[in-house]
Amino acid sequence: MVIKSEHLPITTLGHDDIRAAVRAINAKYPLEYWGAKEKRQEFAQEYFDDFLKAGFTTMTVPEEYGGGGATISQAAAMLEEVGAGGGATAACSTVHGNAIALSSIIEHGSRELQEKYLGRMVAGELAVTFGVTEPDAGTDTSRISTMAVRDGDKYIVNGQKVWNSHAQRADKCLLLCRTSARIGDAERASGMSMLMADLKVPQVTIKKIDKLGRNAVDSNEVWFVDLPVDASDLVGEEGKGFQQILHSVNAERILLAAECVGMGRWCLEKGTAYAGERVVFGRTIGKNQSIQHPLADSYMRLQGAALAVREAAEAYDAGAPPREVGRLANTAKYLASEAANAAADVAMQTHGGYSFATEYHIGRYWIELRPLRIAPVSNQMVLNFIGEKVLGLEKSY
Ligand SMILES: Cc1cc2nc3c(=O)[nH]c(=O)nc-3n(C[C@H](O)[C@H](O)[C@H](O)COP(=O)(O)OP(=O)(O)OC[C@H]3O[C@@H](n4cnc5c(N)ncnc54)[C@H](O)[C@@H]3O)c2cc1C
C-alpha cells in the first residue's frame, strides 16, 4: 500500500484550493529535478517562476500593490505543501525568499517605500536578502556592529553580515544595522534600524559559503564598505528596527513551522511506503514494532505540530497581541522543527542502507531539515523564551 501525503490527515489548516494549486505545480518537478539542482548548486528558477506566476511568492502583499491580500494562514497552507513536494528547504527558501522583506515593508514601510518596492517584488523584478546575523552576533542580535552613520540625506554603512540567503542573485538587502551604539544591557534592543541597501554595487563584496545542503539556495558572507543608502530607504523608524523585526519574525516562524510540517509529512510518507513494501526475514519491515512505532510516533508529533501552526497562524491573522502571537509562533516553530527532524531521522532508519543513496532523496530532507533547529531562531532560544516570558522563571542567560 502506498500512502500519499495528501491522504494523511495531518494537515489542519484547510485552504484546499491553495493546496491543490501548489500540488499541481509540485507535480511538474520530480525528485530528480531537486537532486540535480542540489548537485549543480543552481537556483530553481523554473519552480520560482511558476510560483510567481500563480501569485504565491507575494500572496500576503495587499491587493492595492498587486499582491494576493492573503492571510498568514493561507500562506502557511501554501508553504506546507511546498515542503511536502520533494524539494525540501531548497524549495521552501526559493518560494519564501522575500518573505521578511515583504512583511517588514508592508507593516512598517512608509507609503513611499511601499510604492517603490512592493510592486516590483510582486512582478518578480526585485529579490531581497535579509541581513541580521553577523560573525560576532548570531543569537544575540543586540551585539551587531554593522553601523549606519547619517550624512545629509544618506546613511553610510560599514560592517559585515553572514549567512545571507540568496545574496548572489538578490538586488537589495534588508539590513538590520546600528544607527547608534549599544549603550548597555538595559537598552540593548534600541538603536538598531532597518535599511534597504543595494547589493550590486562596488561598495559591497559577497562570498558564497560552501555548505552541507540546500545548495540550490546560496548562503553568503557580505561586506559593506562606505556604502551609501538613501535616508528614504529607512524602513520604519530609526532606532526601532529590532522591535519592528520582532513582529515580522513571528510571521516567519509560523511559515517556517508550516514548511516543517510539510517536510515531515513527506518523510513520513516515504518511510511508511517503504516500511509497507520492503521484505526482510520473509515479512514487511513495517510489521516490526521497532519500525512501525517510530512512524506512528512521527505521525502524532506532526499532527500536534500542525495544530500548533494553525493556532499561531489564526492568532496572527486575528491581530492577537504581539506577546500572545510570540508565544504561539515560537511554540509552533519548536514543535514543528523537532517533529520534522524526528520524522526525517525515522525515515532514514526505516530505509536502512538505502537511506544513504542519493537516489532515495531521504538524505536530502534529513540534511536540509537540520538547520531548522538552529535558524532563524535556535530551539534553545525558544526554550529560553518560553521559560522566561511564559513560565515567568528567572532569565537563564
Ligand atoms: C541555512 C541557513 C540560512 C540562514 N539564512 C539567514 C539569512 O538569510 N539572514 C540572516 O541574517 N541569517 C541567516 N542565517 C543565520 C541564522 O539565523 C543563525 O545561524 C542563527 O541565528 C544562530 O546564530 P549563530 O549561527 O551565530 O549561532 P550562535 O549564536 O553562535 O549560537 C551557537 C549555539 O549556542 C546556542 N546558544 C547561544 N546562546 C545561548 C543561550 N543563551 N542559551 C542557550 N543556547 C544558546 C545557540 O542556540 C546555538 O545552538 C541562516 C543560517 C542558516 C544555517
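1. A quick term before the rest: helices (H or I, at least four residues) and strands (E, at least two) here are DSSP runs, numbered from the N terminus. Keep in mind that this is a predicted model.

2. Let's start with the ligand. Its shell holds 21 residues, and Gly-138, Thr-139, Trp-163, Ser-378 and Tyr-397 are the closest. Three elements each give at least two residues to that shell: strand E1 (128-131), strand E3 (154-165) and helix H12 (379-390).

3. What is the shell made of, by class? It has nine nonpolar residues, 11 polar and one charged. As for where they come from, domain 2 (128-241) and domain 3 (242-390) each contribute at least three residues to the shell around the ligand.

4. If you want a spot to check on screen, look at Gln-160, whose bridge partner in E7 is Trp-223.

5. E7 also pairs with strand E6 (residues 204-208), again in the antiparallel sense, over five bridges. Here the pair to look up is Ile-206 with Val-222 of E7.

6. Now for helix H10 (residues 322-350). Its 29 residues reach 41 Å from first C-alpha to last, close to the 42 Å expected at 1.5 Å a residue. Is H10 mostly covered or exposed? Mostly covered, with 21 of its 29 residues buried. After H10 comes Gly-352, with a positive phi near 55°.

How values were computed
Residues are numbered from 1 along each chain as its sequence is written. This is a predicted model: local features need pLDDT of at least 70, side-chain atom pairs count only at pLDDT 80 or more; totals for chains, interfaces and linings use all residues. A residue is near a molecule or strand if its C-beta atom, placed from the backbone, lies within 6 Å of it. Ala, Val, Leu, Ile, Met, Phe, Trp, Tyr, Cys and Pro count as nonpolar, Asp, Glu, Lys and Arg as charged, and the others, Gly among them, as polar. Domain bounds come from an automatic or database domain assignment. Two strands pair if DSSP finds at least two bridges between them. The expected span of a helix is 1.5 Å times one less than its number of residues. A residue is buried if 20 or more other C-beta atoms lie within 10 Å of its own, exposed if 12 or fewer, and partly exposed in between; C-beta atoms are placed from the backbone.
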